[in-house]
Amino acid sequence: MRALALAERLAVALARHNVPSYVYPLGECWVVVSVWRGLVAHTNGEIIWWTAPHPSRRGQALLTYALAPDSAAKRISDHYLLVRARHPEPSPYLAKIRGPQQVNVIAGPA
């Protein structure tokens, strides 16, 4: 499973930048690496992509990518500092992964 191997390499590279992460396989060809609220990387085993915490020049969400886990980790670690500053507490909405393609969202405090 190439996607899982690449995601695990990304998690190791993120740890070198003191960025905690969690690897969630969501199928045979798709794995996500959760970093912080609003910062989740995806991989299919060939490319790593994520949405940057700052908008594009047009004001829309900026989807960015990297091919190597080390370069992705460096850029994601920079984004991590931004999202931690914006959201110092974890999200009140927790995602509980229960196997491939089964994500249950649990509402937090109202």
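Two strands count as paired if DSSP finds at least two bridges between them. In this predicted model, strand 3 (residues 39–43) and strand 4 (residues 48–52) meet that condition, with two bridges in the antiparallel sense.

I48 has A66 as its bridge partner in strand 5.

| Strands | Sense | Bridges |
|---|---|---|
| Strand 3 (residues 39–43) and strand 4 (residues 48–52) | antiparallel | two bridges |

Aromatic contacts are a separate topic. A pair of aromatic rings is described by the distance of the centres and the angle of the planes. The search of the whole structure returns one aromatic pair. W36 and Y80 form this pair, at 6.3 Å centre to centre and with 90 degrees between the planes. Because planes over 60 degrees apart count as edge-to-face, the W36 and Y80 pair is assigned to that class. The two residues are 44 apart in the chain, with W36 in strand 2 (residues 31–36) and Y80 in helix 2 (residues 69–86), and the pair links distant parts of the chain. W36 and Y80 are both buried.

W36 has a further contact: the charged end of R84 sits over the W36 ring, 4.2 Å from the ring centre.

How values were computed. Residues are numbered from 1 along each chain as its sequence is written. This is a predicted model: local features need pLDDT of at least 70, side-chain atom pairs count only at pLDDT 80 or more; totals for chains, interfaces and linings use all residues. Side-chain values use heavy atoms; hydrogens and water are left out. Helices (H or I, at least four residues) and strands (E, at least two) are DSSP runs, numbered from the N terminus. Rings of Phe, Tyr and Trp (its six-membered ring) pair if their centres lie within 6.5 Å; planes under 30 degrees apart count as stacked, over 60 as edge-to-face and the rest as tilted. Buried means under 20% relative accessible area, exposed over 50%, partly exposed in between (1.4 Å probe, protein chains only). A charge sits over a ring if NZ of Lys or CZ of Arg is within 6 Å of the ring centre and within 35 degrees of the ring normal.
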